Amino acid sequence: MAAASDLILVADGIAKSFPGVRALDGVSLRVRRGRLLALLGENGAGKSTLMNILAGVFPPDAGTLVLDGAAVSFANPQAALAAGIGIVFQELNLIPHLSVAENMFLGREPRTRLGFIDYPKLNAAAAALLRRLELAVDPTTLVADLRVGQQQLVEIARAVSEDARVLILDEPTSSLSAHEVEVLFGVIAELKRRGVALIYITHKFEELARVCDDVTVMRDGRVVGEAAFPDLTRDALVRLMAGREAKETFRKSPARLGAELLRAEGLTLPGAGAGHGRRNLVDNVSFELRRGEVLGLFGLVGAGRTELLEVLFGLHAGRAAGRLELEGRPAQFASPADAIAAGLALAPEDRKRDGLVLPMSVAANASLASLERTLRAGFVSPDREAAYITPYIERFRVKTPSLAQLIVNLSGGNQQKVILAKWLATGPKVLLLDEPTRGIDVNAKREIYAFIDELAQLGLGLIVVSSELPEILALSDRVIVMCEGRKTAEFARADATPEKILAAAFPVSAPAAA
């Protein structure tokens, strides 16, 4: 560990409760200049709650914060930022209908002599930061026209622009391509050289060796371990996080493939909006899916994977072209409601924006796609809702004090479990999973892997999009690779290797090893 004189931020005895949940119970944390502290723990351990307190999102119930030797308290994130603490949230916090530049400098816009926003200066400053992160997006582009990975880089660019002394990064690489991760790691190294202290939340252990100096591990709202990173093994970290030995690595069951369930021919989605740099977001993609099959869909950020799932789910009915067959019969979905009625379900990549209604309860979110099962005399019956949805909530081991708990108060991993429970409750035939383990800890990942395997064994067809190549290789019976909207390769499980998949994922003009 570094010398005590390097301490810049100290949290001592921090406590925080929400209705029915003791999120933090006397947590202490020490952050040092020029070093990166990895904050690790399972979903629900209290990591994000602690970071929200450090960043001024809400106050602690008890405990003290000391910044550069002086006690501080923050009424809001602006006050924390003014004191030198910035944060990149796991759940994106951008305004969709403002431009990239406006989002990056919101509340800090350069002004003309007459007090108006100086847009040329604003856009030039934003463009410089975007170049630094190698994000090829015009600063005048609306954030709504960007994919999730691009939005995440905009969040990071905004945080870097704030010149914070302490920068908190909550799952910053969850939607980034391998190249974008490398760029981010370069920025982190530069910030450390400048003496910036970083707090880094991640569930990707392989990243720690690249960036980590110190580790603090949380479990059930408490700190259970602190050490310099070189002093801890991966197994020791998992034991600290879970309070138990690491579970056996996931092993996929032998596939039991049945008849063809879904066939797609020539699916095409034209590009639209300033954020899309090619003519077709999905370009003449064809494939088939059998009962009991897990079809992995891999590609770099922007490859068109999410858009392909959206086309299948009827989200672009007015613009998309191509032909679908479900169980051997032509299928045409004018809306997601049609797709759901036919037996399709989509767990989206951005759970906060597309998967949940945050002001509503766990029960309301979990039953949202199957409301007809909960009605009495045309109104939702709380008793019917609870009886119908409880088995699915229990199946996913959702950590919640009650079904009435607001879903916004759950951890990101438990929110994701509620989304999966919601779709399982519809009795789907085809389950579309877009980054299903994004922001989920190592043990929760294994639970979801086992769930995917179980559903395949029951005869469902599953299409899984993931940016994590080991995940694709572990789960899939067959792998389709996409690049720039096109299907560039297809591999049986026995033939799929990291080298082959990555070679097919890069544009022809780009090197395959990046």
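In which loop is Asp-163 found? Asp-163 sits in the loop that runs between helix H5 (148-161) and strand S7 (166-170), where helices (H or I, at least four residues) and strands (E, at least two) are DSSP runs, numbered from the N terminus. The model is predicted, so that local features need pLDDT of at least 70 and side-chain atom pairs count only at pLDDT 80 or more, while totals for chains, interfaces and linings use all residues. Residues are numbered from 1 along each chain as its sequence is written, and side-chain values use heavy atoms, with hydrogens and water left out.

**The chain as a whole**

- The secondary structure of the chain comes to 17 helices and 22 strands, and its C-alpha atoms fill a box of roughly 70 × 50 × 50 Å, taken along the principal axes.
- For 514 residues, a compact globule would have a radius of gyration near 24 Å, and the 23 Å of the chain agrees with this; the radius is taken over C-alpha atoms, and the globule rule is 2.2 Å times the number of residues to the power 0.38.
- Buried residues make up 55% of the 514 residues, where buried means under 20% relative accessible area, exposed means over 50%, and partly exposed lies in between (1.4 Å probe, protein chains only).
- Among contacts between residues at least 6 apart in sequence, 68% join residues at least 24 apart, a contact being heavy atoms within 4.5 Å.
- The chain carries 59 positive and 61 negative side chains, and the centres of the two sets lie 1 Å apart; Lys and Arg count as positive and Asp and Glu as negative, while His and the chain ends are not counted, and the place of a charge is taken as NZ of Lys, CZ of Arg, CG of Asp or CD of Glu.

**Domains**

- The assignment gives domain 1 (4-242), domain 2 (258-343 + 428-504) and domain 3 (350-426), with bounds that come from an automatic or database domain assignment.
- The centres of domain 2 and domain 3, taken over C-alpha atoms, are separated by 25 Å, and 17 residues of domain 2 are in contact with twelve residues of domain 3.

**Loop residues with a positive phi**

- Most residues other than glycine have a negative phi.
- Asp-163, which is not a glycine, has a positive phi of about 50°, and this residue counts as exposed because its relative accessible area is 56%.
- Glu-327 has a positive phi near 55° and lies in the loop between strand S14 (321-326) and strand S15 (329-331); Glu-327 is partly exposed because its relative accessible area is 24%.

**Buried loop residues**

- Phe-250, in the loop between helix H8 (234-242) and strand S11 (260-270), counts as buried because its relative accessible area is 17%.
- Leaving out residues up to four places away in sequence, Phe-250 touches Tyr-449, Ala-450, Asp-453, Ala-474 and Leu-475, and the C-alpha atoms of Phe-250 and Lys-445 are separated by 9.3 Å although the two residues are 195 residues apart along the chain.
- Ser-99 belongs to the loop between strand S6 (85-88) and helix H3 (100-104), and at 7% relative accessibility Ser-99 is buried; beyond four places in sequence, the residues that Ser-99 touches include Pro-139 and Val-143.
- Gln-405 lies in the loop between helix H13 (382-395) and helix H14 (412-424) and is buried, with a relative accessible area of 6%; its contacts, apart from neighbours within four places in sequence, include Pro-19, Val-21 and Met-360.
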